[in-house]
Amino acid sequence: MSSYSTGFRTVLVTVVTVVTAALAVVMATSTQAALSTAPAQTWGVNGRVSAILPLPSGRVVVGGSFTAVVDGAGMTQFAATNVALFDPVTGRFDSSWRPSVNGSVNALATDGSRLFLGGAFTKVGGANRDKLAALTLGSGALETGWVGPQLDGPVDVMRLSAGALFLGGNWNTVTSAGTAYAQAKVAKLSAATGAFDRTFRPTANPTPTDVPPSGRVWALLVLGNGNVVLGGDFGDINGATATRRIAIVDPVTGAPLKGFQSKPNNGTSTATILDLATDGSTIYEAVAGGGGACTAVDAATGAVRWSWRSNGDMQSVRVVGSTVYCGGHFGGTASFGNQTRNKVAAVDGGSGAILPWAPVINSALGVWSMGSDTTRLYLGGDFTKAGGVAQQHFAMWVDGAAASVPGAPVLSGSVGDAVVHLSWQPPSSDGGSTILRYKVWRKPAGDTSYPNAALATVSSGTTYDDTTVTNGTAYTYRALAVNGVGSGPYSNEFTATPGTTAQSVPSAPSGLTATVGGTTVSLAWTAPALPGNPALTRYDIYRGTASGQRNLLTSVPAGTTTYSEALPPAGTTYFYAVRAVNTVGSSADSNEVSTAGSAAGVPGQPTLAATATSTAVDLTWTADGSGGTADKWVILRDNVQLARLTDPTARSYRDTTVVRGTTYTYKVRAVNAVGSSPNSNAVTVTVP
């Protein structure tokens with residue numbers, strides 16, 4: 001027996017396989033979507049993914065706890081704070097779509113034009129939004145007219161149905177229009193306005209033996225008939241004994257429906273449900289506790305149809321076609337239904353047969369969230385490699401029947417004496433099918449068309465040296481990638497003139513500055529004094545959170561000497577440098593500049609100390625670096641403002657207006673443009 005710890009709870013795990021109705025293990029393939037073991041190569045994020053929402057447009061919103069989207073190797077980054085927009089066709093995130101959310105995004109929903117966010121945040125786009133917000137889907141801008149109620153705990157799940165937004169999570173009070181209501185763990189809002197619907201009143205009660213008591217609603221579904229399915233670690237809904245861990249409730253009143261009854265879903269236990277999915281007639285449960293399980297129950301009665309136990313929590317479940325995908329932090333030999341699976345498994349939804357699809361997910365806690373559309377499966381979690389492919393916390397598998405050609409490579413190169421050195425970046429997406437080779441074409445630079453036959457086929461690597469050239473003659477090249485589906489689009493064209501003329505990289509850009517305006521940092525620099533030979537092609541901007549330790553953030557074209565992005569999160573400092581690039585290579589770094597996230601949040605709580613003499617009280621304090629930077633300090637004596645210091649570096653104050661024999665209580669708080677910190681600890685002194 002061993003102990004597995006997740007972000008949800010710590011559970012004891014026993015490696016046992018229990019299959020309901022004496023179901024034999026069947027390795028079937030006939031109904032499984034044709035997903036390869038390796039995912040399509042895509043970009044990811046630099047932190048946990050907690051929610052994945054495929055959109056009607058074909059794009060995908062990803063929510064969680066992260067600060068940037070990154071390429072598969074985790075090197076190139078674009079700032080993105082806790083929510084980002086992904087294009088499954090190109091395999092990239094949209095770097096222009098950047099809502100700013102100051103806390104984790106745990107839940108997502110959309111009506112097609114508006115995106116709803118739920119989580120543990122308090123601000124979106126700099127405006128106060130307590131656990132709930134709505135964005136304009138196209139731009140990512142905050143919808144200022146949509147204001148939901150305040151909750152005293154996080155939102156974990158949300159679903160949209162018939163103009164209503166249903167929420168589940170871990171709160172006890174809903175505050176709407178200044179009035180606090182005892183409405184725990186589940187609520188219903190108007191999707192149009194965010195107004196709280198008081199007629200929907202299910203009460204999720206904790207299990208009496210739970211310490212501490214919870215009753216949390218982790219999972220929520222809306223069935224085709226409009227009824228709402230709730231799942232979590234509650235003991236019952238509205239006191240109904242047949243609603244332990246799962247219940248179907250009326251969408252108007254929230255009252256449990258009597259025909260559906262909760263059944264043991266993890267061996268003989270009725271354990272916590274962390275996620276739910278459905279194909280209409282069956283509800284699929286991701287079950288924690290006692291080793292975890294992936295369990296299918298009848299959507300009308302709750303009767304168990306099949307259940308596979310695992311040696312770790314089951315944290316998410318989704319359906320693609322007739323295949324059910326079960327994800328969690330299980331792994332190793334005989335880890336899922338006595339089969340070897342690592343963090344994810346596939347089961348035929350109808351028969352319960354375990355399918356042979358078995359990619360290896362490399363992390364300890366594994367898969368935290370899933371999303372699916374008709375042809376793709378998306379996984380999010382704490383992994384950095386999936387199916388042998390470098391994938392940063394987010395991965396996509398494509399049904400082989402729906403795989404497409406790869407994207408276009410990005411071609412560059414350099415020249416030498418009677419040689420052109422070509423190199424290219426692989427496409428951002430392989431189309432869901434492994435890239436097999438690259439083809440390269442060449443033409444004289446003045447010609448209008450390329451020959452039919454490729455100059456070269458490259459089956460290994462991403463470079464090619466063309467030695468069949470003549471010095472002084474200009475040539476233009478293009479390339480494409482080929483996968484199992486076919487040939488992708490051509491790359492950009494690259495023109496080069498081989499010869500013996502000396503080539504050089506540019507000198508470093510100079511005069512880099514970083515200017516903060518509102519919530520934006522703007523970079524500007526001066527072009528290099530020596531542009532190099534051949535001409536400058538672009539600038540690469542590098543950023544990091546420590547001086548001298550930076551990764552590539554983005555690139556801008558030659559001729560552009562400015563770049564802007566959002567300020568870093570509160571308490572974080574970004575360090576920047578710029579390099580000039582031509583086809584020969586990169587310059588040295590420019591000078592380094594930095595900017596802190598002082599405007600990204602309110603300051604943290606200071607810590608105060610005091611000493612007294614017969615004529616004065618001397619106050620000293622330390623700042624809390626976890627929040628925004630203070631612009632000024634407010635000194636309180638006996639809860640009345642004594643002084644206001646406009647020097648942000650001040651850390652002391654002498655009160656000379658004291659009277660001997662009198663006792664005073666002091667506090668200090670930090671203030672910036674965003675708001676005020678909590679008051680410091682109170683210090684009481686008596687003047688001797």
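The residues lining the largest cavity divide into seven nonpolar, one polar and two charged; here Ala, Val, Leu, Ile, Met, Phe, Trp, Tyr, Cys and Pro count as nonpolar, Asp, Glu, Lys and Arg as charged, and the others, Gly among them, as polar. The model is predicted, with local features needing pLDDT of at least 70, side-chain atom pairs counting only at pLDDT 80 or more, and totals for chains, interfaces and linings using all residues. Residues are numbered from 1 along each chain as its sequence is written, and side-chain values use heavy atoms, without hydrogens and water.

A cavity is a set of points, on a 1 Å grid over the protein atoms alone, where a 1.4 Å probe fits but cannot get out; lining residues have an atom within 4 Å of a point. Its volume is the space filled by probe spheres set on the points, which are joined across faces, edges and corners. One cavity of 30 Å³ or more is counted, and the largest holds about 40 Å³. Its lining includes V69, F78, L85, D94, W97 and R98. Strands β7 (77-79) and β8 (83-87) each supply at least two lining residues; strands are DSSP runs (E, at least two residues), numbered from the N terminus.

The model has one disulfide, a pair of cysteine sulfur atoms within 2.5 Å. It joins C294 to C326, and the link is left-handed. The two cysteines lie in distant parts of the chain, 32 residues apart. Both C294 and C326 are buried, that is, under 20% relative accessible area (1.4 Å probe, protein chains only).

| Cysteine | Strand |
|---|---|
| C294 | β28 (residues 293-298) |
| C326 | β31 (residues 323-328) |

The S to S distance of C294 and C326 is 2.0 Å, with -65° about the S-S bond.

Terms used:
On a 1 Å grid over the protein atoms alone, a cavity is a set of points where a 1.4 Å probe fits but cannot get out, and a pocket is an open set with protein on both sides within 12 Å along at least five of seven lines; lining residues have an atom within 4 Å of a point. Helices (H or I, at least four residues) and strands (E, at least two) are DSSP runs, numbered from the N terminus. Buried means under 20% relative accessible area, exposed over 50%, partly exposed in between (1.4 Å probe, protein chains only).
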